[in-house]
Amino acid sequence: IGMGLTGFGVFFLFFGMILFFDKALLAIGNVLFVAGLAFVIGLERTYRFFFQKHKMKATGFFLGGVLGVLVGWPLIGMIFEVYGFFLLFRGFFPVVVGFIRRIPILGSILNLPGIRSFVDKVGESNTMV
């Protein structure tokens, strides 16, 4: 259930951005994504993940962006939300980059000259502070 909710949340967020920041789709995507995350890792772990002392700035931006989308400011809300997302999940980026580099077609795309330097910077956990 959790993976389905998270997947649908990402789909609705992506579809809402493609349709010029449609408020309704972005709001549904936000609710589904956060609910799916809570179902996947549990309510207590979700709470502990978002409200760690060193992640309060990131949580503020992410939840402020969700609130901005729900209030009716989709562009400003998504900017805040994306910034908060990158701050919250920057510790996972090296793992994701390492995993994608092992996928045959995507790995060769990530090793192209212009893309490789950017991916190397994203793959380092301490550069996005």
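## Salt bridges

Arg 48 is partly exposed, with a relative accessible area of 47%. Arg 48 pairs with Glu 44 in a salt bridge, and their closest N and O atoms are 3.9 Å apart. Both residues sit in helix α3, which covers residues 43–50. They are four residues apart, about one turn of the helix. Glu 44 counts as exposed, at 57% relative accessibility. This is a predicted model, and a search of the whole structure finds three salt bridges.

Which residues form a network? Arg 101, Arg 116 and Asp 120 are linked by salt bridges. Asp 120 and Arg 101 have their closest N and O atoms 2.5 Å apart. Asp 120 lies in helix α8 (residues 113–123) and Arg 101 in helix α6 (residues 93–101), so this pair ties together parts that are 19 residues apart in sequence. Asp 120 also forms a salt bridge with Arg 116, with closest N and O atoms 3.9 Å apart. Arg 116 and Asp 120 are both in helix α8, four residues apart, so about one helical turn separates them.

How exposed are the members of this network? Asp 120 is partly exposed, at 29% relative accessible area. Arg 101 is partly exposed too, at 30%. Arg 116 is partly exposed, at 41%.

## The whole chain

The chain has eight helices and zero strands. Its C-alpha trace spans about 40 × 35 × 30 Å along the principal axes. Of its 129 residues, 31% count as buried.

The chain exposes about 8500 Å². Carbon and sulfur atoms supply 76% of that area. Now take the contacts between residues at least 6 apart in sequence: 50% of them join residues at least 24 apart.

Gly 29 is found in helix α2, residues 23–41. Gly 29 is buried, with a relative accessible area of 0%. Leaving aside neighbours within four places in sequence, Gly 29 is in contact with Gly 9, Phe 12 and Leu 13. Gly 29 and Phe 11 are 18 residues apart in sequence, and their C-alpha atoms are 7.1 Å apart in space.

Glu 81 lies in helix α5, residues 74–88. Is Glu 81 buried or exposed? Glu 81 is buried, yet has no salt bridge. Side chains of opposite charge can pair when their charged atoms come close. For Glu 81, the nearest side chain of opposite charge is Lys 23, which is 15 Å away. Not counting residues up to four places away in sequence, Glu 81 touches Leu 13, Asn 30, Phe 61, Phe 62, Gly 65, Val 66 and Val 69.

## A nonpolar surface patch

Which residues form the nonpolar patch on the surface? They are Leu 67, Val 71, Trp 73, Leu 75, Ile 76, Ile 79 and Phe 80. Together they have about 730 Å² of accessible area. Helices α4 (56–71) and α5 each supply at least two residues of the patch. Helix α5 gives the most, with four.

Phe 80 is in helix α5. Phe 80 is partly exposed, with a relative accessible area of 37%.

## Record entries

An unreviewed UniProt entry lists residues 5–21, 27–46 and 58–76 as "transmembrane region". In the model, residues 27–46 are 95% helix and 0% strand. The end C-alpha atoms of that span are 19 Å apart. Residues 58–76 are 89% helix and 0% strand, and their end C-alpha atoms lie 16 Å apart.

Key: Residues numbered from 1 in each chain as written. Predicted model: local features only at pLDDT ≥ 70, side-chain atom pairs only at ≥ 80, totals over all residues. Heavy atoms only, no water. Buried < 20%, exposed > 50% of the residue type's maximum accessible area, 1.4 Å probe, protein only. Contact = heavy atoms within 4.5 Å. Lys, Arg positive; Asp, Glu negative; His and termini not counted. Salt bridge = Lys/Arg side-chain N within 4 Å of Asp/Glu carboxyl O. UniProt positions renumbered as here; feature names shortened; annotations may be inferred. Patch = residues over 30% accessible without salt bridge, like charges linked within 9 Å, V, L, I, M, F, W, Y side chains within 5 Å. Areas by Shrake-Rupley, 256 points an atom, 1.4 Å probe, with all protein chains shown as cover.
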